[in-house]
Amino acid sequence: MPATTVTARADHGDSPVRPAGGAPAKGRRRSGPLARIPVPLWLLLPAALVLIPLFGYPLYQLGLLSVLKFGQPQASGGVPTEFVGLSNYTDVLGDAQFWSVLGQTLAFAAFCVVATLAVGAVCAVLLTRVGKWPRLLLMFGALGAWAAPAMTGSTVWMFLLDTNSGLVNEILGTQGHNWMYDKWSAFAMVAVVVVWHSFPFVMITLYAGIQAIPDSVLEAARLDGAGTATIFRRIMLPMLRPLLVIVVIQSIIWDFKVFTQIYVMTGGGGIAGQNLVLNVYAYQKAFVAENYSLGAAIGVLMTLILLAVTAVYIRSLRRSGEEL
Amino acid sequence: MKRDNRVLRQGANVLAIVLALLTVFPLYWMVLSALKPKGEITSAHPRPWTFAPTLDNFRNALGVSGFGRYFLNSMAVAVVVVVVSAAIAFLAAVALSRFKFRFRTTILIMFLVAQMVPVEALTIPLFFLVRDIGTVAPGFGLSSLGALMLVNLAFSLPFAVWMLRGFVAAVPESLEEAARIDGASRFTILWRILFPLVAPGLAATSVFSFITAWNDFVFAKTLILDTDHQTLPAALMVFFKPDENDWGGIMAASTLMTVPVLIFFVLVQRHMVSGLGGAVKD
Amino acid sequence: MKKLARGAALAVLAGTVATACAPGTAKTASSEDKQTGTVKVWLYDEANRAPKEQVVAQAVADFKAKHAGVEVQVSYIPTDAGPRAEKMKGAFNDPSSAPDVVEFGNTDLFGYTASGGLADITSDLASWEEGKDLPQDLKDTAVVDGKTYGLPWWLGVRALYYRTDVFTELGLSAPTTYAELKSAAEKVRSAHGDMLGIAVGGKYTFGALPFVWANGGDLATANGSAYTSAIDSEKSQAGVKAYTDLFTDGICPAQQCADLTGGKTVESFAAGKAGMAILPNSSRSAVEAGAAKGKYAIVPLPGTAAGQVAPAFSGGNDLGVMKSTQHRSLAVDFIKELASKKNQLALFDAMGNLPTLTSARAEVSQKQPWLKPFTDTIEAGTKFVPKDAAWAKIDAQNVVPTMLQKVITGKADVAAATKEAAASMNSSFSGK
């Protein structure tokens with residue numbers, strides 16, 4: 001094991017440890033007195049000590065597993081592992097189910113992101129327009145939803161939607177209706193839970209952002225004769241941009257990786273696997289079908305997709321002159 | 001014109017109240033159902049109130065199903081993760097926002113990229129890694145709380161650093177300058193000057209670390225095979241029976257699981273909002 | 001931007017460059033054989049398990065009386081294929097939290113053996129006095145490459161439970177053909193809208209297979225030791241159609257039944273919410289504890305023609321010793337204790353689990369007339385799943401339930417769904 005760790009580090013040259021271990025930073029120092037500390041990387045050392053073995057190394061192993069034949073007989077039965085090149089990838093990419101799962105993952109995530117941002121933004125604006133009590137009430141409700149763990153959120157909503165003893169069916173008079181039976185109905189129900197969980201973050205962040213815009217700036221603009229639309233577009237939006245970046249990226253990251261809600265609410269992927277998303281799909285392949293290497297290949301593909309999405313987003317930000 | 005504004009404002013008030021009630025209702029339903037007696041829960045006509053509240057479901061969850069133990073397990077993991085992650089993230093955030101050095105942007109991007117990685121996919125190699133660690137240090141092997149602490153620490157760090165960076169940057173450097181002129185050591189500056197000023201941000205960040213650790217389902221499910229060391233989210237699954245779900249027990253356990261997070265939120269709520277606001281002024 | 005790309009490239013590169021240092025293989029075999037300590041036991045968490053727990057508690061007490069200084073810790077694990085597979089996988093990978101003794105479905109044995117999880121107990125069983133009473137064909141179900149890995153503990157075959165009160169009320173008699181079964185189911189539901197005509201489930205593999213077998217189909221055909229799926233053969237398709245045709249609004253609405261497991265059909269019938277159900281003998285205790293008590297009878301599941309019995313799956317559970325155990329002798333002693341004639345009889349009384357020991361089975365059959373439809377079913381001939389390591393995988397991946405559910409929900413027709421299932425099975429058989 002120790003030997004492998006060393007290999008991993010060598011392969012991971014660009015991870016945070018390299019600068020710490022390598023030549024001292026050449027940095028052009030800023031005027032801050034802390035800059036006197038010769039190696040700022042000392043400060044990064046604890047993070048590196050945690051992240052390299054527990055994040056970098058597993059990531060490397062994920063890639064490694066994806067090019068091996070590694071199932072339960074290899075993991076515990078003493079059967080030697082075997083290098084199979086890209087055959088796990090060709091298996092995954094050649095599987096029609098992968099493509100349908102990919103498609104519904106993207107659609108589901110996109111829907112959740114848009115819905116979360118829309119609900120969150122509307123609520124944030126609403127907060128600036130209402131009296132004290134409605135505002136506190138909405139804040140309180142949102143904090144509650146935010147605080148509720150994904151697991152409990154899922155169980156409560158499952159109970160509300162339960163076929164026989166659920167409140168939703170009682171109110172709508174649709175006793176015996178199974179909300180998880182239809183594929184899109186099931187996805188919609190999970191999406192409701194995801195949005196319920198994540199809109200508060202967007203709402204509170206944006207609300208804080210709007211509050212932080214100095215009144216004097218808005219006042220000045222108004223005196224200059226700017227209308228509400230202009231103020232919004234020319235002043236508020238640019239000032240909120242850094243925050244918008246955060247909430248959009250976070251929403252993409254969170255919603256694309258939804259696991260608990262899908263896993264719990266649809267019982268591991270729904271009827272005939274209709275509600276699988278990539279995350280659950282990879283998990284099932286690895287831990288249920290005991291094909292660890294295939295699961296790893298799906299994980300690698302998924303990581304690449306997320307990176308691509310983020311890269312596109314960051315690039316567009318850079319184009320519009322935003323500093324990271 | 002003025003009248004219109006009043007109507008609009010009243011409409012907004014009503015809308016906000018309705019949204020608030022909708023948002024909070026599932027939580028109300030959870031607590032209510034946890035307090036309902038058995039017959040009312042499985043009733044085909046659920047009512048949004050109860051006249052016979054009982055603690056049976058809680059007693060059942062804590063006693064029969066051993067939730068007390070899982071609660072403590074979860075707490076231990078979350079507290080360790082919050083404290084350690086705050087300390088490490090603080091140092092890293094200072095490095096990334098107070099210094100310019102060669103790989104700064106690369107490292108920053110790596111922290112962002114780290115958040116992209118689907119954690120669930122990493123459970124596969126982590127499972128084997130933790131298994132191998134266990135042969136050397138059983139306290140961090142499979143089925144140990146130590147393993148959960150380490151893993152959750154690693155996965156809450158990137159976001160914590162990313163978020164804390166803004167808070168550190170928001171503290172004016174002139175304060176440190178002044179302290180330095182007064183002859184304060186680097187450690188003093190870091191600990192006595194910067195740390196208190198960043199504390200609100202640290203509180204806000206801790207919420208996220210706490211949530212990561214407290215809510216973690218997939219690691220607990222994969223890495224903890226021995227039920228004695230299970231944490232709450234995965235343990236909740238024991239209430240889902242092959243024949244009939246015990247909704248009363250599920251709701252009671254869910255309530256127990258939600259309360260600590262709510263308390264934490266209420267405690268740091270002010271910092272969270274002002275802190276996030278602070279990040280904007282950056 | 002470039003830096004982001006570089007970070008991404010690195011992650012992939014790291015994986016593709018090196019071939020060394022793959023995750024290690026767990027050392028599952030233990031050389032230790034402690035005579036004291038705690039023997040950890042995993043048993044199935046079956047519907048209505050309280051009576052089973054009592055029998056086990058008694059067996060534990062007897063065992064502890066014979067072995068001073070030994071504790072026994074019994075846990076109950078989920079019976080559904082997916083969660084169960086996860087749990088066992090954990091045990092194989094992590095000897096320290098693994099049990100010493102496990103109960104497992106006889107179909108799981110081949111996969112578990114391939115994973116190197118079970119200990120070879122050939123010699124231990126050979127020297128077991130009471131075990132002489134175990135019929136050879138049963139012993140053979142636990143043998144792989146000439147070595148025994150399991151002790152057959154009890155048997156379960158499925159037959160048709162039906163509600164006598166409802167049938168009398170509607171002037172129906174017990175069905176003798178598939179066509180009668182279907183029409184009876186329709187009549188029950190049209191008279192009692194709140195009841196399922198017959199409780200069937202999209203996740204109930206062993207409820208569906210008798211229909212496949214009754215139509216002359218099968219899961220797979222053996223060619224030497226290699227299996228090829230036959231679920232897409234014409235006969236199998238007829239069986240799949242027969243089963244999935246029961247999921248109509250007039251019998252068992254897809255909305256309610258598509259996601260039911262075998263366990264839930266037990267619950268449904270026991271609660272008096274179904275006119276019929278295909279349940280094993282071991283579910284009788286659950287039915288007796290429910291609303292249907294005293295209002296039901298059992299017959300063999302009818303085949304396609306009158307007088308024919310749909311071949312049942314010869315189910316049952318084995319007891320095994322984990323290869324990683326550090327209490328090998330104690331574990332072996334404990335499974336012998338659990339599987340003793342005394343406890344097999346007690347387990348029968350408690351749960352209705354049919355004993356594996358010939359003498360015990362003869363005793364209970366004589367005593368209990370309700371067993372007759374089950375013994376008749378056994379005599380008519382039973383079937384089994386492919387004796388291949390791939391089966392555990394096929395089972396855990398829900399290949400058969402997925403196929404059934406696709407047909408039931410109208411996502412695919414019988415031909416397409418069975419073709420897909422066959423392809424999936426074949427890829428497992430070929431070791432992918």
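Analyst: **A close look at the sheet**

Chain C has an open sheet of 3 strands, arranged in the order S10-S7-S11 with antiparallel pairing. Strands and helices here are DSSP runs numbered from the N terminus (E, at least two residues, for strands; H or I, at least four, for helices), and strands pair if DSSP finds at least two bridges between them.

Before you go further, note that this is a predicted model: local features need pLDDT of at least 70, side-chain atom pairs count only at pLDDT 80 or more, and totals for chains, interfaces and linings use all residues. Residues are numbered from 1 along each chain as written, chains are lettered from A and ligands numbered from 1 in the order written, and side-chain values use heavy atoms, without hydrogens and water.

Start at the edges: strand S10 (276-280) and strand S11 (296-299) of chain C each pair on one side only. From one strand to the next, the twist averages 35 degrees.

Now look at strand S7 (residues 158-163) of chain C, which is joined to S11(C) by 4 bridges, the two running antiparallel. To find your place along S11(C), look for Ala297(C), which has Tyr162(C) standing opposite.

Finally, the sheet has a helix on it: H12 (residues 262-270) of chain C packs there, touching S7, S10 and S11 of chain C; contact means heavy atoms within 4.5 Å. The direction of H12(C) makes about 125 degrees with that of S10(C) (axes are fitted to C-alpha atoms, for helices over the stretch in contact, and angles run from 0 to 180 degrees between N-to-C directions).
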